[in-house]
Amino acid sequence: MSSNAALETRRKAAVARGAAGKSVYVARAENAELWDVEGKRYIDMTVGIGVNNTGHRHPRVIAAVEAQLRDFTHTCFHVGPFEGYVRLCERLNAMVDTGSENRTLLVTTGAEAVENAVKIARAATGRYGVISFGGGFHGRTSMGMALTGKVAPYKRGFGPGPAGIFHAPFPNAYHGVSVDEALRGLDNVLHADIAPEEVAALLIEPVQGEGGFNVTPPEFLQALRKLADDHGIVLILDEVQAGMARTGRMLAVEHSGIRPDLVTMAKGLGGGFPIAAVTGRADIMDGPSGGGLGGTYAGNPLAVAAANAVLDVIADEGLMARATAIGATIRARLEKIAATNAGAGIGNIRGLGAMIAMELVTDRDSHAPDAGLATRIVAEAEKRGLLLLTCGTRYNVVRMLPPLTMPDAILSEALDILDQSVTAAVGAA
């Protein structure tokens with residue numbers, strides 16, 4: 001088998017530069033651990049960017065896919081519908097609280113779910129405008145890129161996106177943007193850029209992913225809900241990264257006390273298989289005419305089988321409570337690290353459930369971003385056998401997305417490595 005270095009050389013010669021990634025080439029994975037082609041073990045606190053909430057290769061997910069594999073692998077739902085698709089839609093309809101009868105569309109990726117949510121909102125309202133928020137991430141497609149509020153690497157060099165997209169400020173108390181200031185910024189968009197009666201949808205993540213694990217304040221979501229109700233606007237919650245028990249609830253919006261109109265889901269829904277969904281109010285979801293939604297691979301039978309198994313595992317193994325417990329353990333350890341001299345660069349610790357991040361700063365008074373320290377921490381952790389990722393609009397946030405099935409002993413080992421990595425990264429400055 002090739003070495004990491006040999007595969008990296010081959011990648012650079014064969015793969016588009018834009019599809020960048022780590023230089024750890026995976027040979028196998030199990031629950032919270034993976035091994036590279038050279039046999040080195042890593043603890044995985046990325047799980048495919050929040051995909052494997054149920055861990056790598058959960059036995060029940062694998063068994064469900066193997067059973068489906070013996071029956072059929074693809075029909076295209078438009079040509080050969082099947083019971084598993086309908087059953088998954090029924091379960092998601094029951095899971096999402098919109099205060100109304102629901103409908104669901106299954107697709108393949110998070111960006112595809114977001115684009116379809118926008119299409120559905122436009123069809124249902126007859127309007128064109130969509131307002132999203134600074135720091136939000138909604139995919140790498142042309143529409144997803146336009147909706148995203150983070151320039152590099154997602155927008156730089158790709159030119160203008162589709163028309164009809166507007167951005168409003170996101171409330172971030174740590175960086176001096178209060179809820180009231182963010183609402184004034186949104187009000188300015190509605191008076192300077194687009195009239196409320198032309199807005200089809202407001203789109204927001206209840207916890208920002210790529211933007212830095214910023215939790216949307218409940219009072220801000222409540223204000224958006226009222227604004228949407230007052231003006232007939234569809235409120236879309238992007239739960240692609242925060243959903244599927246990650247924050248201690250099935251959906252992160254459940255922490256806020258509001259009801260969305262539409263919700264987009266992906267990542268953790270498939271347990272490692274590509275599937276996404278739009279779930280929401282039937283009167284809105286049924287806005288597009290027959291044939292206006294879907295796709296050749298949308299709701300692939302293998303991915304549908306995996307998703308149905310994932311929902312079973314979350315319920316049967318108590319993964320919402322487990323996410324809360326894991327998050328509390330991580331937060332406590334990060335606060336302990338931050339209290340040391342080595343942790344002086346940790347300016348802010350935040351998140352919900354097992355979606356936790358630390359923001360690295362040059363000093364705690366100015367909150368000036370320290371992207372270099374974040375990069376060094378991730379590199380030091382990787383050398384020691386722990387996989388982490390950065391995020392944030394200024395690349396200075398280290399995020400932790402452990403599988404919700406991670407054993408306590410491995411979580412403790414991971415946090416020990418993180419502690420060592422922070423100390424080493426600070427010392428290397």
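Before the details, a word on the source. This is a predicted model, in which local features need pLDDT of at least 70 and side-chain atom pairs count only at pLDDT 80 or more, while totals for chains, interfaces and linings use all residues. Residues are numbered from 1 along each chain as its sequence is written, and side-chain values use heavy atoms, with hydrogens and water left out.

Back to the helices. Helix α7 covers residues 179-192 and helix α8 residues 218-231; they pack at an angle of about 25°, and their axes are 10 Å apart. That makes α7 roughly parallel to α8, a term for angles under 35 degrees. On the α7 side, the contact is made by V179, A182, L183, L186 and L190, and on the α8 side by E219, F220, A223, L224 and L227. Contact here means heavy atoms within 4.5 Å. By class, nine of these residues are nonpolar, none is polar and one is charged.

Next, the aromatic rings. A pair of rings is described by the distance of the centres and the angle of the planes. Rings count as paired if their centres lie within 6.5 Å, as stacked if the planes are under 30 degrees apart, and as edge-to-face if over 60. The structure holds six aromatic pairs. In one of them, F72 and F82, the centres are 5.6 Å apart and the planes at 75°, so this pair is edge-to-face. Both residues sit in the loop between α3 and α4, 10 residues apart. F72 is partly exposed at 30% relative accessible area, whereas F82 is buried at 9%; buried means under 20%, exposed over 50%, and partly exposed in between, with a 1.4 Å probe and protein chains only.

The rings of F77 and Y85 have centres 3.6 Å apart and planes at 15°, so they are stacked. F77 is partly exposed at 22%, and Y85 is buried at 7%. Ring pairs link F72, F77, F82 and Y85 into a cluster.

Last, the backbone. Most residues other than glycine have a negative phi, and most peptide bonds are trans. The bond from A152 to P153 is cis, with omega near 0°; P153 lies in the loop between α6 and β6. F213, in the loop between β7 and α8, has a positive phi near 60° and is buried at 0% relative accessibility. M244 also has a positive phi, of about 60°. M244 lies in the loop between β8 and β9 and is buried at 0%.

Methods. Axes fitted to C-alpha atoms, helices over the stretch in contact; angles between N-to-C directions. Helix = DSSP H or I, 4+ residues; strand = E, 2+ residues; numbered from the N terminus. Parallel < 35°, antiparallel > 145°, perpendicular 65-115°, else oblique. Nonpolar A, V, L, I, M, F, W, Y, C, P; charged D, E, K, R; others polar.
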